[in-house]
Amino acid sequence: MTAKLLRQTKMTILLSLNAVAILIVGIMIFSAINLNGGIAFQVVAERNDVVGGSLEELGLINPVTDELDAPVVSVGGNTITLPSNNNHSSGGSTSSGSGNGISKDAVPSGELWREESITIYQTANFDICVGGGLTDLGDMYWQSSNPSVIAGFYNTARTWLGYDPATCRYPSIVGTGTTTITAGTYDGKRHDKLTVTVIAPPVEQWKRDVLNLVNKERAKNGLAALSWGTTCEGAATTRAKELMRSYSHTRPDGSSWSTACPIPQTGGVSGENLNAGNAAVSPETVVASWMKSPEHRANILNKDFKYLSVGFVFDPSSQHKTYWSQIFSTY
């Protein structure tokens, strides 16, 4: 009767901010002298809802795979397998992604977007960026007409998700609904409005999307597709919920992650990947982050696994808001 801990390597995860400060800036810009020689005044906007603060990066936990080799013994002429009573623990995750919902096509003169409206998920599944071809905009003002939906913007972008801080802003989403984003350059040359509708993430659909994305990665590497793991489905959701209390492969009660969906007496292999925070805001970003981590990638591309169960919890009132778990298994 043996149990093997196959991997345990340190990784990192990007977590969302715990607090931000709201900057209130009044802006009035003097434009060029008009043709009659007078001075024209142009009020560009009042920068009254820009959210300040830097995004935080913390080192956390690593992925794990447990294997139980159930020994075959002979009892009274009958061959049976015996379970192991050993438990093992340890755990992890990481980050990345892309896509901003704004057209890459050229933007008309004086405007910032070709679009008049976009829809985004409450997880802030992408940063809001100006349209294609715009550069050298300098500092810009960003406003939200409905602070109960988007309270403001971080004055940077999530560069680890591929966003350019010169042209993108990370929205501080606090609820669902509709708001009008007004943005512009302080020189008055470009300004625009954009209607943004924020909707709740489709939890069950996103779980299945993660399975599909994992199978695409396995297909690229000549591996068989994983089936949805019904045996550990409830356990994956439980583990995602437990991450709000303890971001670890050790459960809040001190037991191993593997006790959530124990290896059967006949033996088997299981593994767990975890992720949380503002870098894991969609199925695409969370799978991309795992694939960029050699240890998490190894679980995704393990040829022995047959099933994948996915847990996802979104709680906007919690510290890190988005929480993901993957439980791989042969049972």
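# Notebook: rings, strands and one serine

**Entry 1. A stacked pair.** I began with two tyrosines, Y141 and Y186, and found both buried. This is a predicted model, so I treat every value as computed from it. I then looked at how the two rings sit. Their centres are 6.0 Å apart and their planes lie at 25 degrees; planes under 30 degrees apart count as stacked, so this pair is stacked. Next I checked where each tyrosine belongs. Y141 is in strand β11 (residues 140-144), while Y186 is in the loop between β14 (177-185) and β15 (191-199), so the pair ties together parts 45 residues apart in sequence.

Entry 2. How many aromatic pairs does the structure hold? I noted 9. I picked out Y121 and W206, which pair edge-to-face. I read 5.0 Å from centre to centre and 80 degrees between the planes. Y121 belongs to strand β9 (residues 117-121) and W206 to helix α1 (residues 203-220), so this pair ties together parts that are 85 residues apart in sequence. Is W206 buried or exposed? W206 has 4% relative accessibility and counts as buried. Y121 has 24% and counts as partly exposed.

**Entry 3. Arginines over rings.** I looked for charges above ring faces. R158 lies over the face of Y170, 3.9 Å from the ring centre. R208 has its charged end over the ring of W228, at 4.0 Å from the centre.

**Entry 4. The open sheet.** I traced an open sheet of 4 strands, in the order β9-β15-β14-β11, and its pairing is mixed. Which strands stand at the edges? They are β9 and β11; each has a single partner strand, so one side of each is left without a neighbour in the sheet. On average, neighbouring strands here are turned by 25 degrees against each other, direction ignored. I then checked β9 against β15: they run parallel and are joined by 5 bridges. I120 has V198 in β15 as its bridge partner.

**Entry 5. Strand β13.** Buried residues number 6 of the 6, so the strand is largely enclosed by the rest of the structure. C168, Y170 and S172 point one way, and R169, P171 and I173 the other. Two partner strands went into my notes. Strand β10 (residues 128-129) runs antiparallel to β13, with 2 bridges, and C129 is the bridge partner of C168. Strand β12 (residues 150-154) is also antiparallel to β13, over 4 bridges. There, Y154 partners Y170, the tyrosine that has R158 over its face.

**Entry 6. S325.** I placed S325 in strand β19 (residues 322-329). Its relative accessible area is 0%, so S325 is buried. What lies 2.6 Å from a polar atom of the S325 side chain? It is the backbone oxygen of A236. Beyond its neighbours within four places in sequence, S325 contacts A236, R239, A240, N273, L274, S309, V310 and G311.

**Entry 7. Whole chain.** The protein has 4 helices and 19 strands. Of its 331 residues, 51% are buried. Among contacts between residues at least 6 apart in sequence, 74% join residues at least 24 apart.

Technical notes
Residues are numbered from 1 along each chain as its sequence is written. This is a predicted model: local features need pLDDT of at least 70, side-chain atom pairs count only at pLDDT 80 or more; totals for chains, interfaces and linings use all residues. Side-chain values use heavy atoms; hydrogens and water are left out. Rings of Phe, Tyr and Trp (its six-membered ring) pair if their centres lie within 6.5 Å; planes under 30 degrees apart count as stacked, over 60 as edge-to-face and the rest as tilted. Buried means under 20% relative accessible area, exposed over 50%, partly exposed in between (1.4 Å probe, protein chains only). A charge sits over a ring if NZ of Lys or CZ of Arg is within 6 Å of the ring centre and within 35 degrees of the ring normal. Two strands pair if DSSP finds at least two bridges between them. Axes are lines fitted to C-alpha atoms, for helices over the stretch in contact, and angles run from 0 to 180 degrees between N-to-C directions. A polar contact is a pair of N or O atoms within 3.5 Å; within protein, one must be able to donate a hydrogen and the other to accept it, and residues adjacent in sequence count only if both atoms are side-chain atoms. Contact means heavy atoms within 4.5 Å.
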